[in-house]
Amino acid sequence: MSGSRSNGRASLGGAAISEHRLQNGLRVLLVERHADPVVAVITWYRVGARNEREDEAGVSHFLEHMMFKGSRGYGKGEVDRITTELGGSNNAFTGYDHTAYWFELASDRWERALEIEADRMRHLNLDPTEFDAEREVVLEELAMGNDDPWRRLSQLAQAALFMRHPYRRPIIGHADALRGMEVGGMRDYYRRFYHPGNATLVVCGDIRPRRALAAVREHFAGIPAGPGYAEADCFRPVPALPEGERRVSMTWPDRGSRLCMVWPGAAVGTDDDWTLDVVSTALTSGRTSRLYRELVLRTGLATSVSTHNDSRVEGGVFWLLAECAQGVAPEKLEAAVDAQLLELAAKRFPAPELTHVKSVLTSAEAYESETATDLAETLGEFAVDADWHQAVEATTRLRAVTARQVQDCAQRLLLREHRVVGWCLPRQEVATQSARRATARRRHA
Amino acid sequence: MKTPVIELPVARFELRCGARLLVSQRPGAPVCAVSMHMRGGHSLDPEGLEGTAYLTGGLMDQGTERHTEEQLAALLERSGGGLTGDAHGLSGSIASPSWKTLLRVAAEVLTRPTYPAAKVRRQQRRVIDRLVLDLQDPRTRADRLFRGLVYGDHWLGRSTTGTPESIAAVQRRHLVTHHARNWVGKRLVIAVCGAMEPEEVRRLLDRELATLPPGEDLAPREHRFPARAQRAAAFEAEREQVHVYLGHLGIRRADPDYPALVVMDHVLGTGPGFVNRISRRLRDELGLAYTVHASIYASAGVLPGTFQAYIGTSPRHVRTAIEGLLAELRRIRDEPVSAGELGIAKDYLVGSFALSFQRSSRRAGYLISLERHGLPDDNLERLPRQFAAVTAEDVQRVARAHLFPDKCVVAAGGPVKVGRLRQILRAASRPG
């Protein structure tokens, strides 16, 4: 995904990008590329689980569901029906820092998405009967996630990492909070955050920018600006570094031993963010990466290992997930991970490896601009969480990362004393070991 | 509604090794994708050695006569590329400027894999570890039980990855033999999509695959499947949700009712959003599930696929869910679909068909299916016309011909007992 900026014009993946702002504060990114007769429209709101008060936990995601349950101009199910009739697709996703609504439509009919988004930005119904019915769907979604050991483990580790900040909570919330949620509270939340001043609209693909901007104005210019972000947002403590290593564990009814290590990560778009992308790639991207080569290929201690630089607005998470090969003691795998991390911190990162990692990252960017939706997602996410120009400058930023920065990041951020180590162990084995220990204690007594 | 037009030119070649090559040139595409489909797949697994075809394809990139595994990986990774193999062939992609590297590496691993003994053992251990966990996963188990109930002893009822026992029994020599016997030119279909000239692709692959023996295409075989009837199976496990699979033997892609069944599926249980009947009723109205869907066309292949409905729901909702699914199967057989529902499904299919081809990998996969199923090159224009011509009577006719609510199997994984499933099925059957 080669991006460039010159004479005030920006481009990414062969698309020309322009930014506009309506008087009510709505930011509009128009991204013109005629590779396919397709247009992606994504409306981003600067609100997510991070903005929820304790009693609102899960409301961002629940509200995302309710955005399909009726507004003044579109009754329950109408958004899906119209999208389907138009031969398009729609969806939505909620994160910690943003919530986004996506349409992909043929380029001769994409403007219908604007009508829908403008209507539900201002006139969402939030009907109490629909609210109660959809709560059951959300609870089933929660139950589905609760059956996934990786999700449970990562939630446990994240809760220990963030302690008091909303980043500690799962985006979907907790069953008790969801059961107690009321439609009035959701309406307040909607009014606080769903308005033009808190939104970014990305229109990407086979468009004529002038015509597209006129269509955006036609549908959105009449919507009032809404409260300022600072006024709508709630107070929350700054994420604090854990003091000393924390350990959490759980059991699961299968034979897997799963490891999840988390460290406080970088804020989106900072130098550390780009450097942690390099670190993550060096550790686990592909068969030539350090941890994969050592843990999976050479020693066979793990069946899988991955890392993820999950940068967020207020400082993210650096994740490491690994699964023990059967018969391998968890401590052995953990020690092998530690040895690799120590080496990364202790030795200067070799220049040939840095060159390789950078070429992996910059080449992989081709995939991030392959479709209109890919491009709109990349630009929109940066726009809401930091600055969309960062997406355009990605190659330059990655190429600028030095060996010294890689080592520094490992020394400063991937510290033992600031991490949480989580294990998910086989329930049967843990139960058997506990029983043995209890028997031994009785004998000694 | 007008059909959006998408260009998908196809250049066809027959390589000297006997393989068929389809190339779709797409100027400006940032990604090049290749798909190499080898006919036979896990149908060729020897008895007791299930998973041999999967390991043969999956371990091809563990080393060749020219390069080690690490060298092969490095060649691709530095250009954002990757290649994976399985029982049915190889597929991969790379940033466009490096397309020649991708095709050279793919051809090399296809023609010259060495299956180093240590790497075979290592990968076997990994696959076995994976299978051990899969066998304790309620959703995976339920899906496998479902296939077993539908296909019985036929190889389609078996997992391509085999079992921990069969994988443990496979030795290096089995892989070498399987590769030599079955990975031959005449069984190979290759599709490439990217910014390159088709003739240049042909020249490169003709050269790189020159040592691949042509061999013989697979002889036609007779296939027998169990009669459709009510059967049930359960994998009991302590979890929050029960994963329920309900259905029966489905259709071949070559079935003349295919276009009408695609439309029927979109009224009944698949498609975007929640406009289909099953999603609307079971998810939106009853709040039984987050994920629920049903389709007969999605698995239609050279051999019959399945009609499969899925719902992940709480244990207390299992009966309502199964009854709800069966009620919708009956309704679409018993009553003509409304003009509104039919219109929405057809509009979607006609309008969206061409939109799903933005990715090079999707285009390469489509070209493979074009060749495997003997579809015409103008299928992209022809199929939307066929969708548009489907009537409410057609939908009811194909629903009656291909959906059998009283002969469904049910497989479930989670906190549920098989006796309960049988009882629900029996109670939900129509008398007579």
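Predicted model: local features only at pLDDT ≥ 70, side-chain atom pairs only at ≥ 80, totals over all residues.
Two strands count as paired here if DSSP finds at least two bridges between them.

Chain B has an open sheet of six strands, and reading across it you get β1-β2-β6-β3-β5-β4, with mixed pairing. At the edges are β1 (11-14) and β4 (82-86) of chain B, each pairing on one side only. From one strand to the next, the twist averages 10°.

Next, the helices of chain B. Helix α2 (residues 69-77) packs with helix α3 (residues 99-111), both of chain B, at an angle of about 155° and with the axes 9 Å apart. That angle makes α2(B) roughly antiparallel to α3(B), because anything over 145 degrees counts that way. As for handedness, the crossing of α2(B) and α3(B) is left-handed. On the α2(B) side the contact is made by Leu72(B), Leu75(B) and Leu76(B), and α3(B) answers with Thr101(B), Leu102(B), Val105(B) and Val109(B). Sorted by class, the residues in this contact of α2(B) with α3(B) are six nonpolar, one polar and no charged.

Further along chain B there's another helix pair to look at. The axes of α12(B) and helix α14 (residues 379-388) of chain B cross at roughly 170° and come within 9 Å. That makes α12(B) roughly antiparallel to α14(B). Lys346(B), Leu349(B) and Val350(B) do the touching for α12(B), while Pro384(B), Phe387(B) and Ala388(B) do it for α14(B). The class tally for the contact of α12(B) with α14(B) is five nonpolar, no polar and one charged.

Tyr115(B) lies in the loop between α3 and α4 of chain B, and its phi is positive, at about 45°, although it is not a glycine. Most residues other than glycine have a negative phi. Is Tyr115(B) buried or exposed? With 22 C-beta neighbours inside 10 Å, Tyr115(B) counts as buried, since the cut-off for that is 20 or more. The other stop is Thr140(B), in helix α5 (residues 138-151) of chain B. Thr140(B) has 17 other C-beta atoms within 10 Å, so it comes out as partly exposed. Thr140(B) and Phe235(B) are 95 residues apart along the chain, yet their C-alpha atoms are separated by 9.8 Å.

Where does chain B touch chain A? The contact involves 54 residues of chain B and 51 residues of chain A. On the chain B side, the elements giving two or more residues are α2, α4 (117-134), α10 (277-285), β9 (289-295), β10 (306-313) and α12 (339-352). Of these, α4(B) gives the most, with seven residues. By class, the side of chain B that touches chain A has 21 nonpolar, 16 polar and 17 charged residues.

That brings us over to chain A, and to a hairpin. Strand β2 (residues 9-12) of chain A runs antiparallel to strand β3 (residues 15-21) of chain A, and three bridges join them. Leu12(A) has Ala15(A) in β3(A) as its bridge partner. The hairpin has two residues between the strands, and in it Gly13(A) takes a positive phi near 55°.

A hairpin of four residues joins β6(A) to β7(A), and Ala92(A) stands opposite Tyr101(A) in β7(A).

Finish at Leu126(A), in the loop between α3 (112-122) and α4 (128-146) of chain A. Leu126(A) has a positive phi, near 50°, and isn't a glycine. Leu126(A) is partly exposed, because 17 other C-beta atoms lie within 10 Å.

Technical notes:
Residues numbered from 1 in each chain as written. Chains lettered and ligands numbered in written order. Axes fitted to C-alpha atoms, helices over the stretch in contact; angles between N-to-C directions. Parallel < 35°, antiparallel > 145°, perpendicular 65-115°, else oblique. Left-handed = near helix turned anticlockwise from the far one by under 90°. Contact = placed C-beta atoms within 7 Å. Nonpolar A, V, L, I, M, F, W, Y, C, P; charged D, E, K, R; others polar. Buried ≥ 20, exposed ≤ 12 C-beta atoms within 10 Å, placed from the backbone.
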